[in-house]
Amino acid sequence: MDTKELLKKVRKIEIKTRRLSDHIFGGEYHSTFKGRGMTFSEVRQYQFGDDVRNIDWNVTARYNEPYIKVFEEERELTMMLMVDISGSEHFGTTNQFKKDVITEISATLAFSALQNNDKAGLILFSDEVELYIPPKKGKSHVLRIIRELLEFKPKSNRTNVAEALKFLSSVMKKKAIVFVLSDFIAEDYEKTLKISGNKHDLTGIRVFDEREENIPNLGMVQMQDAETGKIRLVNTQSKRVRMAYGEYYRQRVNYFKETFTKSGCGVLDCRVDESYVKKLLGYFKRRG
């Protein structure tokens, strides 16, 4: 992609996602996450109407009357985008690849952070962390994030979610709002997710194509694994083959949902031919 074409693409995504974040997501993002960035300020006596969840039981026991913790909203939050750039993200049977949708969602979230005067950072990962952009504020920084999402060429086609989460823990010492965008055709990340989920406000956004869920009956077909690059002949006429693939796919999806939910993290499914706008808004409203 030459510079002129890249700038044109960045501009196109900026116009679309900026409008979304300005008119729709800015306020929703703020009301969803503002309560997550609170710092303890003081203790005062309980008043009628106060949230009982904020009662300080130690002070209450000491003085024999209810006291509550008062929190102040932190002036700024930090948002990290963790984006899977492995080979399987280049799949798509409609007019968009998964990668395109992931880029648009990431840009919308980054502009929502910008609108709320928050920092945004980026981690691009395959089976290793391939790029880390530390969190910063400002429009030029968000545009750099979009440029990398569009242009970055991964060294590896494989996926390792656990490796990316380990890296997150090593670079983000303070609590952050974290969005992991992937198709989550991966496994063995339960332990690392639990650690990250305890520390950060973490959401997994699974972007997928409906054609991935089942193999159609097309006879003998040459198939290439997008992550390993291996080509093999697959008999799609065989019901057993189609069922085995469907079962494998469902297991990965269930693992993603169960693991994220058990770790106290948010879960969002987004099919490439559906409106991610509706999905994100619905998710923000449910959490807000």
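K8 is located in helix α1, which spans residues 3–33; helices (H or I, at least four residues) and strands (E, at least two) are DSSP runs, numbered from the N terminus. The model is a predicted one, in which local features need pLDDT of at least 70 and side-chain atom pairs count only at pLDDT 80 or more, while totals for chains, interfaces and linings use all residues. Residues are numbered from 1 along each chain as its sequence is written, and side-chain values use heavy atoms, with hydrogens and water left out.

The relative accessible area of K8 is 66%, so K8 is exposed. Here buried means under 20% relative accessible area, exposed over 50%, and partly exposed in between (1.4 Å probe, protein chains only). Accessible areas come from the Shrake-Rupley method with a 1.4 Å probe, and for residues only the protein chains shown count as cover. Together with K4, K9 and K12, K8 forms a positive surface patch. Patches are made of residues with over 30% relative accessible area and no salt bridge; like charges are joined within 9 Å, and nonpolar side chains (Val, Leu, Ile, Met, Phe, Trp, Tyr) within 5 Å. Lys and Arg count as positive and Asp and Glu as negative, whereas His and the chain ends are not counted. The place of a charge is taken as NZ of Lys, CZ of Arg, CG of Asp or CD of Glu.

Salt bridges, defined by a side-chain nitrogen of Lys or Arg within 4 Å of a carboxyl oxygen of Asp or Glu, number 16. One of them joins the side chains of D50 and R44, with an N to O distance of 2.9 Å. D50 is buried at a relative accessible area of 16%, and R44 is partly exposed at 28%. In a further salt bridge, between E187 and R252, the closest N and O atoms are 3.2 Å apart. This pair links distant parts of the chain, 65 residues apart: E187 lies in the loop between β6 (177–182) and α6 (190–199), and R252 in helix α7 (residues 239–262). E187 is partly exposed, with 45% relative accessibility, while R252 is buried, with a value of 9%.

The salt bridge between K262 and E190 has its closest N and O atoms 3.6 Å apart. It also connects distant parts of the chain, K262 being in helix α7 and E190 in helix α6, 72 residues apart. K262 is exposed at 59% relative accessibility, and E190 is partly exposed at 30%.

Most residues other than glycine have a negative phi. N117, which is not a glycine, has a positive phi near 60°. N117 is in the loop between α3 (98–115) and β4 (119–125) and is partly exposed, with a relative accessible area of 45%. F184, likewise not a glycine, has a positive phi of about 55°. F184 is placed in the loop between β6 and α6 and is buried at 1% relative accessibility.

K155 occupies the loop between α4 (139–151) and α5 (161–171) and is exposed, with a relative accessible area of 66%. The C-alpha atoms of K155 and F125 are separated by 9.8 Å, with the two residues 30 apart along the chain. The disulfide count, taken over pairs of cysteine sulfur atoms within 2.5 Å, is 0. C265 is buried at 9% relative accessible area, and C270 is buried at 1%.
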